[in-house]
Amino acid sequence: MEVTEEKRHALNELNREATICHSEIAAKITALEFDAENLIKKINFAVTEGNEKLSALLDKYRKIYDAIEMLKGKQ
């Protein structure tokens, strides 16, 4: 099959458009990966902060419980 100049031009144009699409898709994937990494960092921070607050709350309840047990022992 003979490749005419017209066909060659059409193939080159398709190749150019495919390259542009590939670049746009790659850029979008990179942006999504960046967004995902930031989201994971925010989630990890929130979980860590929540764990610290929960731990502090448990310490307070432990102290209250210990104080109640101590008062029961004095009665």
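A residue counts as buried under 20% relative accessible area, as exposed over 50%, and as partly exposed in between. Glu 13, with a relative accessible area of 28%, is therefore partly exposed. The model described here is predicted.

**Overall form**

The protein has 1 helix and 0 strands. Its radius of gyration is 32 Å, well over the 11 Å that the globule rule gives for 75 residues, so the protein is more spread out than a compact globule. The C-alpha trace spans about 105 × 20 × 5 Å along its principal axes. Buried residues make up 0% of the 75 residues. The protein exposes about 7200 Å², and carbon and sulfur atoms supply 63% of that area.

**Charges and salt bridges**

There are 12 positive and 14 negative side chains. The centres of the two sets lie 14 Å apart. Side chains of opposite charge can pair when their charged atoms come close. A search of the whole structure finds 4 salt bridges. The table lists some, including the one made by Glu 13.

| Salt bridge | N to O distance |
|---|---|
| Arg 8 and Glu 5 | 3.8 Å |
| Glu 13 and Arg 16 | 2.7 Å |
| Glu 69 and Lys 72 | 3.6 Å |

Glu 13 and Arg 16 are 3 residues apart in helix H1, about one helical turn. Arg 8 and Glu 5 also lie 3 residues apart in helix H1. Glu 5 is exposed at 59%, while Arg 8 is partly exposed at 42%.

**A nonpolar patch**

Leu 54, Leu 57, Leu 58, Tyr 61, Ile 64 and Ile 68 make a nonpolar surface patch of about 570 Å². Leu 57 is found in helix H1, residues 5–74. Leu 57 is partly exposed, at 38% relative accessible area.

Conventions. Residues are numbered from 1 along each chain as its sequence is written. This is a predicted model: local features need pLDDT of at least 70, side-chain atom pairs count only at pLDDT 80 or more; totals for chains, interfaces and linings use all residues. Side-chain values use heavy atoms; hydrogens and water are left out. Patches are made of residues with over 30% relative accessible area and no salt bridge: like charges are joined within 9 Å, nonpolar side chains (Val, Leu, Ile, Met, Phe, Trp, Tyr) within 5 Å. Accessible areas come from the Shrake-Rupley method with a 1.4 Å probe; for residues, only the protein chains shown count as cover. A salt bridge is a side-chain nitrogen of Lys or Arg within 4 Å of a carboxyl oxygen of Asp or Glu. Helices (H or I, at least four residues) and strands (E, at least two) are DSSP runs, numbered from the N terminus. Buried means under 20% relative accessible area, exposed over 50%, partly exposed in between (1.4 Å probe, protein chains only). The radius of gyration is taken over C-alpha atoms; the globule rule is 2.2 Å times the number of residues to the power 0.38. Lys and Arg count as positive and Asp and Glu as negative; His and the chain ends are not counted. The place of a charge is taken as NZ of Lys, CZ of Arg, CG of Asp or CD of Glu.
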